[in-house]
Amino acid sequence: MKKLITLKTIIFIFALANISLIDAQVGVGTTTPAYTFQVINNGNIGATTLSESTNSGTDGVALTGYNLSTLNGYNAVEGATNGTFSGVFGLHIPTSGTTGNGVYGTSNSSDAIGVFGTIPTTGTWLGFGGLFTGGLGYANGLYNISDARTKKDILQIDNALDKILNINGYTYKYDFNKYNSNTSNNNQIHYGFMAQNVKEFLPHAVATKSVRFASDYQKSQSDATNNIVSEMLNVVDYTAIIPVLVQAMKEQQSIINDQNSKIQDLEAKLLLLESKVNAIIESQN
């Protein structure tokens, strides 16, 4: 039977051997630790964890990582995986009430970033820098980098009105039974576009992404070898349609201005014709 050795026991043994933990490297599962404290497991442990930090008190943090040096360019806590799930996972389990956060990010500086998400700048771009399937809430604006200094090959959008006239707006419901295990909002009505329709006339506003879902349907359609539960779907950048709408309004306004000019010209001719007709009628009386 394996005996569990606690960290307290390890510290006690080091103290007896007069070994400083500051200078030593401690290894669990390895005799040649590469770090100050390293845990290695080379076998299957099932759906469990290599280590756990539990706090059953009414306050305090269960686990903390803190880089004290302001010159330190590394992260205080890091997670990485070669598997198909997440390098870092956060889960809120409410025992009473419903408020809380699975993952919370903030900064003490208003000039810094609370949460940062990205993907490599090269490749097929099938993923997302951030994906929210339960809706996205925000305050203080949603901003896209749009400085002219960041752009090249700039061209004005032409025939915008024709493009917009060929795009249809719809009301619809999401098929959560097929694409999400959460069916609570299955009857909520949404306004939006169909990506296939938008792609035909505004192809640059549509992309193809690999989207993961948690549903029995998707699991039945997934690759059983690596258990990837995802599907290639068309997604629409709704903000990309805004400049097309602006140009379409300007084109439409130009048409209206031209029509108004013609109407005014016709009205002037009509008044002149009416004046001549009245003059002829008066001369005959």
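Helices are taken here as DSSP runs of at least four residues, numbered from the N terminus. Helix H6 of this predicted model holds both Asp265 and Lys269, and because these residues are four apart in that helix, about one helical turn separates them. The two residues form a salt bridge in which the closest N and O atoms are 3.4 Å apart. Asp265 has a relative accessibility of 39% and therefore counts as partly exposed.

A salt bridge joins Asp258 to Lys262, with 3.5 Å between the closest N and O atoms. Asp258 is partly exposed, its relative accessibility being 39%, whereas Lys262 is exposed at 52%. The boundary between the two classes lies at 50%, so Lys262 falls on the exposed side.

Salt bridges in the model come to three. Besides the pairs described above, the side chains of Asp147 and Arg149 meet in a salt bridge, at 2.8 Å from N to O. Asp147 counts as partly exposed, with 32% relative accessibility, while Arg149 reaches 75% and counts as exposed. Side chains of opposite charge can pair when their charged atoms come close.

The overall organisation of the protein may be set out next. Its secondary structure consists of six helices and six strands. Read from the N terminus, the elements follow the order α-β-β-α-β-α-β-α-β-α-β-α. The protein has 285 residues, of which 12% count as buried. Its accessible surface amounts to about 24300 Å², and carbon and sulfur atoms account for 54% of this area. When contacts between residues at least 6 apart in sequence are considered, 44% of them join residues at least 24 apart.

In soluble globular proteins, nonpolar side chains tend to be buried together. The largest nonpolar core of this protein contains 13 residues, and Val198, Leu202 and Ile241 are those with the most contacts inside it. At least two residues of this core come from each of helix H2 (160-165), helix H4 (195-201) and helix H6 (238-284). With neighbours within four places in sequence left aside, Ile241 is in contact with Ile164, Phe193, Val198, Leu202, Ala205 and Val236.

Val28 is placed in strand S1, which covers residues 26-28. The relative accessibility of Val28 is 34%, so this residue counts as partly exposed.

Thr30 is located in the loop between S1 and S2. At 18% relative accessibility Thr30 counts as buried, because the class is defined by a value under 20%. A polar atom of the Thr30 side chain lies 3.1 Å from the backbone nitrogen of Thr32. Apart from neighbours within four places in sequence, the contacts of Thr30 are with Gln38 and Ile40.

Asn140 is not a glycine, yet its phi is positive, at about 70°. This residue is found in the loop between strand S2 (37-39) and H2, and with 72% relative accessibility Asn140 counts as exposed. Asn159 likewise has a positive phi, of about 55°, without being a glycine. The loop between S2 and H2 also holds Asn159, whose relative accessible area of 48% makes it partly exposed.

How values were computed: Residues numbered from 1 in each chain as written. Predicted model: local features only at pLDDT ≥ 70, side-chain atom pairs only at ≥ 80, totals over all residues. Heavy atoms only, no water. Buried < 20%, exposed > 50% of the residue type's maximum accessible area, 1.4 Å probe, protein only. Core = buried A, V, L, I, M, F, W, Y, C linked by side-chain atoms within 4.5 Å. Contact = heavy atoms within 4.5 Å. Areas by Shrake-Rupley, 256 points an atom, 1.4 Å probe, with all protein chains shown as cover. Polar contact = N/O pair within 3.5 Å; in protein donor to acceptor, adjacent residues only side chain to side chain. Salt bridge = Lys/Arg side-chain N within 4 Å of Asp/Glu carboxyl O.
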